[in-house]
Amino acid sequence: MNPIFGAGPSLSLRMLFALIFSVIAMVADTRTEGSKQIRSFLITVVSPIQYLASLPESTIDSFATHLASKNSLLEENQKLRKLQLLQNQKLQQYEMLKTENDKLRSLLKTNLRSDSRKQVAEIISVASHPFAHNVVIDKGLTDDVFIGQPVLDDLGVVGQITSVGNTTSRVILITDQTHAIPIRVLRNDIRGILTGSGNLTKMELSNLSHNTDVKVGDKLITSGLGGVFPDGYPVAEITQISPDVTKPFMQVVARPIAQVDRLKHVLLLWQDTNDRESNQ
Amino acid sequence: MTRVFRSAWWYISLSILAAIILSIMPLPLAIKSFRPDWLALVLLYWTIALPHRVNIGTAWVVGFLLDILLGTVLGVHALALSVVVFVTASNFQKLRNFSVWQQAILIGVFLVLYHIIIFWLNRFLLDVHLSAEQMYPVITSSLFWLWLFPVLRGYRRKFRVR
């Protein structure tokens, strides 16, 4: 029989050490700037585990594509063709509107909006903790990803990059309790701050006075203030307004437009350098 | 003797790695909030079975790894796991003599403590809110203990992990 705790410090002493180390780690992580580099290093070290964890799902996915029947593929193909036709038609108008908009903007002597560089990234891990809504993507320092970079999906804003490793980086979702995004109402340009609630389908529009003109169904888009997210991307739609006058502010609940609960691929956005300079 | 020592660590690490992968694997939204605390369960098993190998030090290191993987504040899961393992390690002889059902209930109590510690720390550090959802894993974890305990015991006996 092995002597139990025969060697080494006592249990209480070990607990004391664990407590001290934890407090040091927590304080260092939340109160110091150097933690960004440490996180970047740590996220690189653990990336093999992340790839390993995403392996079962990706294998099942590839099996599913192999097993997909010819009929369903044909059907999907047809659907996509129709969609492309519709979108191409919209794009023709977009080209025309864009040149018109550029002309008007140059007449008004304001900055032209330039197209930004985009890259598709794949989600390799999803942290489902209620206190940490974030996902890990398969792009990192080697792809010029940077902290604070906006992340979108095909429908709207997903979140922003919080830490970057060599080949992976972490994206905080807009529904995280610690995330807030500056928005404006598409209909009437009322500005506000949309905060996450820790629930993937709910976000809260805070600090709006009771007489503010917002309605259920209003689209909320990025306002471009704050310097992280570019102007004009859809973020959320108002789903519920409770007119409780006993509370100091209006209680407005919105639902994210991006499908943050079923992400597979996301878009990384690089704002044009001259665009950024002209904004400053 | 050194070979036995090395192999024991090898088998323990393998089970911990499997638990880590299970705790970060993507799951459908409907069952996501019911994901059992695999890592805590596996650590508690080894603490009860082999407290001279797995206790607070291991719990802290593994918890820290989980913090990196989940993107939570570094040290939160490390501290919560250390506390739970501390309580378990102080009572491992009593826990060994309980039936699996009694163990499952006690593990549930320990995991409530685990989630409350994580909530308190996050409340203090990030100002988050409490929701009932955060306690769902306690129920599933307790139920999974009934299955995991015999499985891990079989694993330990088969590979003679001591």
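**View 1. A:Ile183 and its partners on two neighbouring strands.** In this predicted model, A:Ile183 has A:Gly192 as its bridge partner in β7(A). Strand β6 of chain A covers residues 180-185, and strand β7 of chain A covers residues 191-196. The two run antiparallel and are joined by 5 bridges. β6(A) also pairs with strand β9 (residues 219-222) of chain A. That pairing is antiparallel too, over 3 bridges. In a regular strand, side chains alternate between the two faces of the sheet.

**View 2. The turn between β6(A) and β7(A).** These two strands form a hairpin. Between them lie 5 residues. One residue of the turn, A:Asp189, has a positive phi of about 60°.

View 3. Leaving aside residues up to four places away in sequence, A:Val158 touches A:Val151, A:Leu152, A:Asp153, A:Val171 and A:Leu173, among others.

**View 4. The contact between chain A and chain B.** Chain A brings 39 residues to this contact and chain B brings 40 residues. On the chain A side, α1 (11-31), α2 (35-45), α3 (47-67) and β1 (117-127) each supply at least two residues. Which element gives the most? It is α1(A), with 11 residues. By class, the side of chain A that touches chain B has 22 nonpolar, 12 polar and 5 charged residues.

**View 5. Where domain 1 of chain A meets domain 2 of chain A.** The domain assignment of chain A gives domain 1 as 11-67 and domain 2 as 118-280. Taken over C-alpha atoms, their centres are separated by 24 Å. How many residues are in contact across the two domains? Domain 1 of chain A has 10 residues in contact with 11 residues of domain 2 of chain A. On the domain 1 side, α2 and α3 of chain A each supply at least two residues. That side has 3 nonpolar, 5 polar and 2 charged residues.

**View 6. A:Ala64 in helix α3 of chain A.** A:Ala64 has its place in this helix. Is A:Ala64 buried or exposed? A:Ala64 has 9 other C-beta atoms within 10 Å. A residue counts as exposed at 12 or fewer, so A:Ala64 is exposed. A:Lys90 lies 26 residues from A:Ala64 along the chain. The C-alpha atoms of A:Ala64 and A:Lys90 are separated by 33 Å.

**View 7. Chain B, a chain of helices.** Chain B has 8 helices and 0 strands. Read along the sequence, its pattern is α-α-α-α-α-α-α-α. The C-alpha trace of chain B spans about 50 × 30 × 30 Å along its principal axes. With 162 residues, a compact globule would have a radius of gyration near 15 Å. Chain B has 15 Å, which agrees. Of its 162 residues, 46% count as buried. Among contacts in chain B between residues at least 6 apart in sequence, 68% join residues at least 24 apart.

Methods. Residues are numbered from 1 along each chain as its sequence is written. Chains are lettered from A and ligands numbered from 1 in the order in which they are written. This is a predicted model: local features need pLDDT of at least 70, side-chain atom pairs count only at pLDDT 80 or more; totals for chains, interfaces and linings use all residues. Two residues are in contact if their C-beta atoms, placed from the backbone, lie within 7 Å. Helices (H or I, at least four residues) and strands (E, at least two) are DSSP runs, numbered from the N terminus. Ala, Val, Leu, Ile, Met, Phe, Trp, Tyr, Cys and Pro count as nonpolar, Asp, Glu, Lys and Arg as charged, and the others, Gly among them, as polar. Two strands pair if DSSP finds at least two bridges between them. Domain bounds come from an automatic or database domain assignment. The radius of gyration is taken over C-alpha atoms; the globule rule is 2.2 Å times the number of residues to the power 0.38. A residue is buried if 20 or more other C-beta atoms lie within 10 Å of its own, exposed if 12 or fewer, and partly exposed in between; C-beta atoms are placed from the backbone.
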